[in-house]
Amino acid sequence: MIEKKIAQYIDNERLFPINARIIVALSGGADSVALLRILHTLGYDCEAAHCNFHLRGTESDRDEMFVRKLCKTMKTPLHTIDFATEQYAIEKKISIEMAARELRYQWFAEIKEKTKADVIAVAHHQDDSVETVLLNLIRGTGINGLLGIRPKNGDIVRPLLCISRKEITDYLQNAGQEYMTDSTNLQDEYTRNKIRLNLLPLMQEINPLVKEHIIDTSNYLNDVNRIYNKGIEEGKQRVIEKGNIRIVPLLKEPSPEALLFEILYPLGFNAAQTKNILTMLEGQTGKQFISKDGWRVVKNRELLLIDKKEKQENPPFCLIKEEKEYTKDFIIPREKHIACFDTDKLIGEINLRKWQTGDIFIPFGMKGKKKVSDYLTDRKFSIIQKENQWVLCCGDKIIWIVGERTDNRFRIDEKTKKVTVFKMSEKAIDNPLIINA
């Protein structure tokens with residue numbers, strides 16, 4: 001019996017105990033209806049949760065009416081909610097599918113907390129897992145993408161992963177149980193549906209057992225993945241330093257490409273970008289790659305620098321300004337986060353900005369002018385460090401490369417009467433200059 005098979009699967013995968021309270025995601029389709037009936041038959045304490053996404057006109061309302069009737073017949077508590085899914089997708093700038101997923105799981109979590117339930121059960125089955133593997137292969141993936149859908153992810157459980165779609169429909173037919181059919185599942189306009197309706201039938205013509213073989217391979221790879229992930233984590237420890245990747249140790253790894261892929265894939269970099277990054281490791285400093293999620297990898301001497309490419313409107317610090325009388329007892333601080341100037345030489349408005357191409361200053365202790373770009377290069381600043389360098393100006397003259405070096409024209413000397421001190425504070429605020437704090 002199918003119930004016995006699923007009960008055994010629940011025990012083997014330790015999805016939940018017999019006394020668990022379960023929220024069943026109930027769409028009204030065959031899979032979720034079968035899930036509710038089977039868990040109910042096995043004696044579990046179930047409540048149902050139905051989302052009306054209002055994406056299919058009268059069909060959406062039809063499904064809700066069916067779910068209400070089913071739960072009333074089965075005496076199962078039902079939670080329902082209406083979502084303006086299209087509006088949410090527009091606001092979040094995401095696909096309809098992603099919007100529905102976010103809305104659904106956010107609400108499931110709220111229901112779980114409200115009802116003090118133990119888990120949320122969703123009706124993914126073996127065919128869903130096979131389709132996921134093929135979908136990931138088509139898009140490009142690492143080993144994790146070949147594992148299919150896993151039985152448990154946090155408080156989300158999938159008791160039907162041990163059975164196929166055909167077993168589900170056969171079970172419902174034998175039980176005389178109706179269910180709703182989503183008309184969009186019969187269309188091939190979405191990638192997953194193309195796999196289900198077109199690709200898999202073609203593969204089954206070549207090998208009727210292709211689904212079973214894919215499931216077996218995924219289960220095998222799940223064991224292999226534990227070893228693989230252990231090796232990847234150890235590799236990361238060897239090559240990552242302060243959030244960046246050391247190139248020489250990376251190239252000494254058994255598989256630099258695999259390790260680099262696993263480091264960068266979570267940041268939105270794909271396999272092709274990983275290959276391109278590897279090919280330029282011996283190349284010129286400064287090459288950049290941007291991921292779809294806005295992360296950046298920059299080749300900088302012996303490092304691959306990783307940062308989130310964002311436009312920084314305000315500095316990540318503020319400057320506290322203080323004026324004091326200059327006496328023979330005054331000691332000029334040597335800390336880089338403090339700069340002192342002759343107050344009478346500061347003629348003009350004080351302002352803070354990013355350095356720009358063509359900026360010049362006279363470094364403290366020198367007489368000749370120097371380009372800020374040359375100074376930063378001499379200091380071996382990375383591209384990212386250069387982009388994030390701020391300068392303090394008096395009028396149109398730079399008086400301090402902040403945190404680095406002051407301009408010699410504004411130095412304290414034997415004629416100085418008053419001293420203006422600027423001190424960096426790590427606290428970032430809207431106003432980067434605090435006067436006489």
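Helix axes here are lines fitted to C-alpha atoms over the stretch in contact, and angles between them run from 0 to 180 degrees between N-to-C directions. Keep that in mind for the helix pairs below.

This is a predicted model, in which local features need pLDDT of at least 70, side-chain atom pairs count only at pLDDT 80 or more, and totals for chains, interfaces and linings use all residues. Residues are numbered from 1 along each chain as its sequence is written, and side-chain values use heavy atoms, with hydrogens and water left out.

## The whole chain

Let's start with the overall picture. The protein chain has 14 helices and 21 strands; these are DSSP runs numbered from the N terminus, with helices being H or I over at least four residues and strands being E over at least two. The radius of gyration of the chain is 31 Å, well over the 22 Å that the globule rule gives for 437 residues, so the chain is more spread out than a compact globule. (The radius of gyration is taken over C-alpha atoms, and the globule rule is 2.2 Å times the number of residues to the power 0.38.) Along the principal axes, the C-alpha atoms fill a box of roughly 100 × 45 × 40 Å.

How much of the chain is buried? Buried residues make up 44% of the 437 residues, where buried means under 20% relative accessible area, exposed means over 50%, and partly exposed lies in between (1.4 Å probe, protein chains only). Among the contacts with a separation of 6 or more, 68% are between residues 24 or more positions apart; a contact means heavy atoms within 4.5 Å.

Now for the helices. Angles under 35 degrees count as roughly parallel, over 145 as roughly antiparallel, 65 to 115 as roughly perpendicular and the rest as oblique.

| Helix pair | Angle | Distance between axes |
|---|---|---|
| α2 (30-41) and α3 (58-74) | about 10° | 12 Å |
| α4 (85-92) and α5 | about 105° | 9 Å |
| α9 (210-239) and α11 (256-264) | about 85° | 10 Å |

With an angle of about 10°, α2 and α3 are roughly parallel to each other. On the α2 side, the contact is made by Val33, Leu36, Arg37 and His40, and on the α3 side by Phe66, Leu70, Cys71 and Met74. By class, six of these residues are nonpolar, one is polar and one is charged. For these classes, Ala, Val, Leu, Ile, Met, Phe, Trp, Tyr, Cys and Pro count as nonpolar, Asp, Glu, Lys and Arg as charged, and the others, Gly among them, as polar.

The helices α4 and α5 pack at an angle of about 105°, which makes α4 roughly perpendicular to α5. Here Thr85, Glu86, Tyr88 and Ala89 of α4 meet Ile96, Ala99, Ala100, Glu102, Leu103 and Gln106 of α5. This contact has six nonpolar, two polar and two charged residues.

How are α9 and α11 placed, parallel or perpendicular to each other? They are roughly perpendicular. From α9, Tyr228, Ile232, Gly235, Lys236 and Val239 meet Ala258, Leu259, Glu262 and Ile263 of α11. The contact divides into six nonpolar, one polar and two charged residues. Gly231 is also found in helix α9, and this glycine is partly exposed, with a relative accessible area of 33%. The C-alpha atoms of Gly231 and Leu259 are separated by 9.0 Å, while the two residues are 28 apart along the chain.

## Residues in loops

Next, take a look at a few loops. Asp359 lies in the loop between β14 (350-354) and β15 (360-361). Is Asp359 buried or exposed? Asp359 is buried, at 11% relative accessible area. The side chain of Asp359 makes a polar contact of 2.9 Å with the side chain of Arg353 and also reaches the backbone nitrogen of Gln356 at 2.7 Å. (A polar contact is a pair of N or O atoms within 3.5 Å; within protein, one must be able to donate a hydrogen and the other to accept it, and residues adjacent in sequence count only if both atoms are side-chain atoms.) Leaving out residues up to four places away in sequence, Asp359 touches Arg353, Lys370, Lys371, Val372 and Ile398.

Lys116 sits in the loop between α5 (96-115) and β4 (119-121), and has a positive phi of about 60° although it is not a glycine. Lys116 counts as exposed, at 66% relative accessibility. Lys242, in the loop between β7 (240-241) and β8 (244-246), has a positive phi of about 55° and is not a glycine either. At 83% relative accessibility, Lys242 counts as exposed.
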